[in-house]
Amino acid sequence: MEFNVRRLAADAGTFLSRAVQFTEEKFGQAEKTELDAHLETLLSRVESTKHWTEKIMKQTEVLLQPNPNVRMEEFLYEMLDKKVPMRANNHELLGECMIDSGHEFGPGTAYGSTLIKCGETEKLLGSAEKEFIQSSAINFLTPFRNFIEGDFKTILKERKLLQNKRLDLDAAKNRLKKARVADARSAELNSSPPLGEEYVAHFSYMLRFLHVRWLKAEIELRIAQSEFDRQAEITRLLLEGISSTHAHHLRCLNDFVDAQAAYYAQCYQYMVNLQKQLGSFPSTFSNNNQPAGSSSASISVPTAQPAASLPAPPPSQASPALNELRSTSGTRKARVLYDYDAASSSELSLLADEVITVSSVPDMDTDWLMGQRGNQKGKVPITYLELLN
């Protein structure tokens with residue numbers, strides 16, 4: 001491998017000069033060129049933007065994925081440049097559990113059918129959550145991350161170059177200052193040179209050397225000043241671009257707010273639809289779930305429209321299936337058309353879409369049948385039922 005010795009020596013000398021200048025500045029032994037106020041303000045603004053962008057990103061990631069272990073796993077997949085495996089979220093897991101339990105208890109039972117409906121809604125909520133997270137990651141987190149990993153790194157690189165150019169400038173100023181002091185001393189000695197030809201020749205050589213050194217230091221200072229001014233201008237132009245970064249982040253923030261609004265509105269609509277499907281629970285079920293000594297009036301929960309406000313059932317009409325049921329005194333399956341709250345202990349409360357067993361009892365009113373759900377029995381109105389084959 002070939003090495004450019006001169007280039008290597010020059011780089012080493014530059015690095016050593018910067019290190020000496022930086023150390024002397026820290027100990028107060030050397031002067032430091034200060035940046036103009038406008039550039040300092042821009043640097044402070046960029047640092048503040050970077051600081052708060054990172055904090056907003058972190059808190060947004062916590063909002064979208066509260067589980068720190070999952071966040072770490074996703075980070076590792078991203079570092080390895082691998083696709084994150086698809087997994088069910090909490091809403092989807094709860095929905096699957098409810099649906100499985102509903103099928104276990106029986107879709108024809110009130111509890112089973114309600115579990116299935118709730119489970120399906122939970123799965124819809126899970127799907128909406130995934131869409132919201134994906135939209136927020138693309139339209140909000142990605143632009144913020146691009147600033148940290150792209151634009152800010154470029155600014156940091158140019159800022160470091162500006163720092164190096166400033167150290168070179170101050171080191172050149174220091175060398176010129178020392179060269180001027182040495183040249184001034186030589187001028188004093190020139191007014192009374194030492195005796196002897198040998199001393200005169202040596203002294204003349206030293207004067208020429210010091211003068212050349214002073215001229216070289218002045219040239220190096222001009223070059224260093226020019227390079228510093230050029231790098232300061234490049235850095236200033238980059239820093240002034242932070243205003244456009246803020247404008248872009250503002251648009252991303254509006255997109256994030258729109259995504260949140262759409263997500264919560266979608267979730268609200270899903271829950272309203274579920275409430276309409278479930279209707280109002282029968283009073284017997286509500287009492288069983290009510291703690292002893294508590295008052296239902298103390299809990300204010302928005303519910304769907306009660307069954308009492310539903311259209312009145314159609315008038316009773318005798319059908320061939322109903323006549324057959326009454327003549328044989330057997331049992332048939334029937335689907336409930338509407339929610340029904342039992343008015344007395346002899347009646348059976350009903351939930352829409354559940355399937356119960358009905359039979360005809362002698363001397364019972366023709367508008368009623370005897371209904372059975374598990375171990376529960378009671379009278380049910382015929383107009384609320386649809387006999388199944």
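The model is predicted: local features need pLDDT of at least 70, side-chain atom pairs count only at pLDDT 80 or more, and totals for chains, interfaces and linings use all residues. Residues are numbered from 1 along each chain as its sequence is written, and side-chain values use heavy atoms, with hydrogens and water left out. The protein chain contains nine helices and five strands, taken from DSSP runs (helices H or I, at least four residues; strands E, at least two) and numbered from the N terminus.

**Overall fold**
- Along the sequence, the elements follow the pattern α-α-α-α-α-α-α-α-α-β-β-β-β-β.
- Of the 389 residues, 31% count as buried, that is, under 20% relative accessible area with a 1.4 Å probe, protein chains only.

**Helix α2**
- Helix α2 spans residues 37-64, 28 residues in total, and reaches 40 Å from its first C-alpha to its last, close to the 40 Å expected at 1.5 Å a residue (1.5 Å times one less than its number of residues).
- Asp36 caps the N-terminal end of α2, with a side-chain oxygen 3.2 Å from the backbone nitrogen of His38.
- The buried residues of α2 include Leu39, Leu42, Leu43 and Val46, and also Thr49, Thr53, Met57, Thr60 and Leu64.

- Strand β2 (residues 355-359) is mostly covered, with four of its five residues buried.
- Strand β1 (residues 331-336) pairs with β2 in the antiparallel sense over five bridges; pairing requires at least two bridges found by DSSP.
- Thr357 in β2 is the bridge partner of Lys333.
- Strand β3 (residues 368-373) runs antiparallel to β2 and is joined to it by three bridges, with Met370 in β3 opposite Ser359.

Notes
Buried < 20%, exposed > 50% of the residue type's maximum accessible area, 1.4 Å probe, protein only. Polar contact = N/O pair within 3.5 Å; in protein donor to acceptor, adjacent residues only side chain to side chain.
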